[in-house]
Amino acid sequence: MKNLLFFVVLIVAPYLALAQQDIRIEFANSITEKDLYDYLSILASDSLQGRETATPGQQMAASFVENHFRNVGLEPLVDTPDGKSYYQHFDLIKINPSVGYIVVDKDTLKNLRDFLYTGQETFEQPVSSKPIFLEYNKKKGFDEADIKGKDVIICCAGNRTERNARKAVLTERGAKNIIIIMDEKVIPFEKTINHYKRYMSHGRLTFPERVKISKGYFLVSPATGARMLGISRAEMEKMMEKYRTGKRYTIKKKSVKEISFFVSADIDTVRTGNVLAVVEGSDKKDEYIFVTAHYDHLGTRDGNIYNGADDNGSGTAAIMEIAQAFALAKKAGHGPRRSVVFMAMTGEEKGLLGSSYYVRHPVVPLANTVADLNIDMVGRIDPQHKDSADYIYLIGSDKLSMQLHNISERCNAKYTQLVLDYTYNDEKDPNRFYYRSDHYNFAKNDIPVIFYFNGTHDDYHRYTDTIDKIDFPLFRKRTLLVFFTAWELANMKDRIVVDITKEATGSE
Ligand SMILES: [Zn+2]
């Protein structure tokens with residue numbers, strides 16, 4: 001009997017498969033290289049200026065995605081006073097480099113050129129003072145002078161950790177403004193300035209509730225420090241050498257000069273947002289499968305446009321195309337049982353801001369959010385796979401739900417046959433990719449995730465990440481894997497469960 005049944009299944013199964021054509025194949029066929037190319041050619045075009053968060057280029061990308069969602073028949077999901085919207089707006093604070101100067105010997109030194117001010121404070125008026133020079137030695141630390149409410153200048157500190165430690169001690173003792181002379185043996189002053197300039201050049205974006213208006217310190221070069229202290233460069237060098245070896249060194253306090261200085265913070269409120277749309281489910285419509293990708297990128301730098309074709313024009317185009325496939329299926333009477341939400345997220349490159357905002361302001365309950373399939377860079381081949389078969393890195397699939405991992409594997413085996421590379425799924429991997437894209441904000445809320453990723457390459461975060469380097473057949477195949485996995489998650493009988501605790505996996 002057993003053998004006979006086996007025989008029957010073996011003979012009949014292929015015919016069954018033919019007879020009841022797997023309906024999902026029909027809608028998978030709507031996912032084409034041409035569509036992906038068409039979307040990407042807009043997302044990664046120069047006119048979008050690198051889609052930097054809170055810039056007109058990012059707004060244009062958002063409108064493009066929103067119009068697509070509307071045109072293919074997806075529903076808006078965000079409640080606003082004017083009804084449902086596709087756009088989840090929110091404000092960010094943009095901290096630009098402070099404006100400021102120091103006048104020494106009638107020379108006006110400028111912030112981020114001749115010195116560096118690290119805080120966001122704004123002085124009511126310019127300060128004129130003769131700072132107190134505090135001596136330092138390794139054993140006793142700073143000398144005991146009363147510095148409460150006074151301006152202080154110290155020599156010397158190298159890296160940021162050391163500088164911050166010195167600042168903390170002096171602040172604790174009541175110092176008002178702090179000037180730190182840089183130890184250039186540790187890091188050249190010029191290098192520090194350039195690093196800061198690059199970091200701050202586009203402003204730093206953060207949430208209003210996370211803005212800290214902190215008092216900074218003034219960092220100056222040994223040359224400027226010597227001028228302020230009224231000593232020669234040679235004496236400055238001698239002092240630094242002594243301090244490095246932990247010895248004492250005294251200068252004539254009288255020589256310290258009277259200086260004047262001023263700083264003013266430059267802080268704006270800017271708007272940005274996520275773009276969301278839903279294909280509503282049928283009998284399980286209150287459960288949600290998320291398919292996400294960030295659509296922002298790095299903007300322009302030094303006159304170059306960072307088109308971000310792979311990062312993450314590819315993921316954005318992919319969710320647009322998968323959304324269309326689900327919409328077509330629904331129109332044809334094959335809509336998903338669970339609701340499928342497509343979300344293009346902003347601010348990823350600025351610190352996963354869009355996803356962080358979303359999980360704190362979800363438009364559907366997180367508890368009913370079954371899984372997040374997050375796509376970030378799926379159009380390229382990394383050097384490690386130059387000669388290998390079609391592949392994709394999967395990250396996170398087995399961290400919270402073994403069921404999700406198994407479904408993903410099965411969908412791939414049945415439909416896409418990609419080589420699934422789990423190298424970066426290892427929590428000990430030094431790249432820590434699991435923590436580096438938007439899915440992580442979902443995982444932190446116990447929502448099982450899969451992060452789809454092609455790995456990095458020479459054009460990663462460079463202006464050379466352009467559309468001509470995208471491998472469209474492979475890009476399509478990877479998009480199909482996400483589609484089939486989402487289809488399965490949306491249509492299976494019981495929702496997948498979280499069956500692995502964070503403690504067990506040791507994740508953060
Ligand atoms: Zn990215």
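Which residue in β13 does I180 stand opposite? I180 stands opposite L219. Before I go further, two remarks on conventions. Residues are numbered from 1 along each chain as its sequence is written. The model is predicted, so local features need pLDDT of at least 70 and side-chain atom pairs count only at pLDDT 80 or more, whereas totals for chains, interfaces and linings use all residues. Helices (H or I, at least four residues) and strands (E, at least two) are DSSP runs, numbered from the N terminus.

Strand β11, residues 178-182, and strand β13, residues 218-220, run parallel and are joined by three bridges; two strands count as paired if DSSP finds at least two bridges between them. Both belong to an open sheet of five strands, in the order β5-β13-β11-β10-β7, with mixed pairing. Because β5 (115-117) and β7 (132-134) each have a single partner strand, they stand at the edges, and one side of each is left without a neighbour in the sheet. On average, neighbouring strands here are turned by 25° against each other, direction ignored.

Two helices pack on this sheet. Axes are lines fitted to C-alpha atoms, for helices over the stretch in contact, and angles run from 0 to 180 degrees between N-to-C directions; residues are in contact if their C-beta atoms, placed from the backbone, lie within 7 Å. Helix α6, residues 189-200, touches β5, β11 and β13, and its direction makes about 45° with that of β5. Helix α7, residues 222-229, touches β5, β7, β10 (152-157), β11 and β13, and its direction makes about 130° with that of β11.

I turn now to strand β19, residues 369-375. How many of its seven residues are buried? The count is seven of seven, where buried means that 20 or more other C-beta atoms, placed from the backbone, lie within 10 Å of the residue's own. Strand β15, residues 284-294, runs parallel to β19 and is joined to it by five bridges, with F290 opposite D372. Four bridges join β19 to strand β22, residues 449-453, also in parallel; there, N374 has F451 as its bridge partner.

Finally, helix α13. Of its 20 residues, 16 are buried. At 1.5 Å a residue, taken one less than the number of residues, helix α13 (residues 472-491) should span 28 Å, and its end C-alpha atoms are 28 Å apart, which agrees.

How values were computed
A residue is buried if 20 or more other C-beta atoms lie within 10 Å of its own, exposed if 12 or fewer, and partly exposed in between; C-beta atoms are placed from the backbone.
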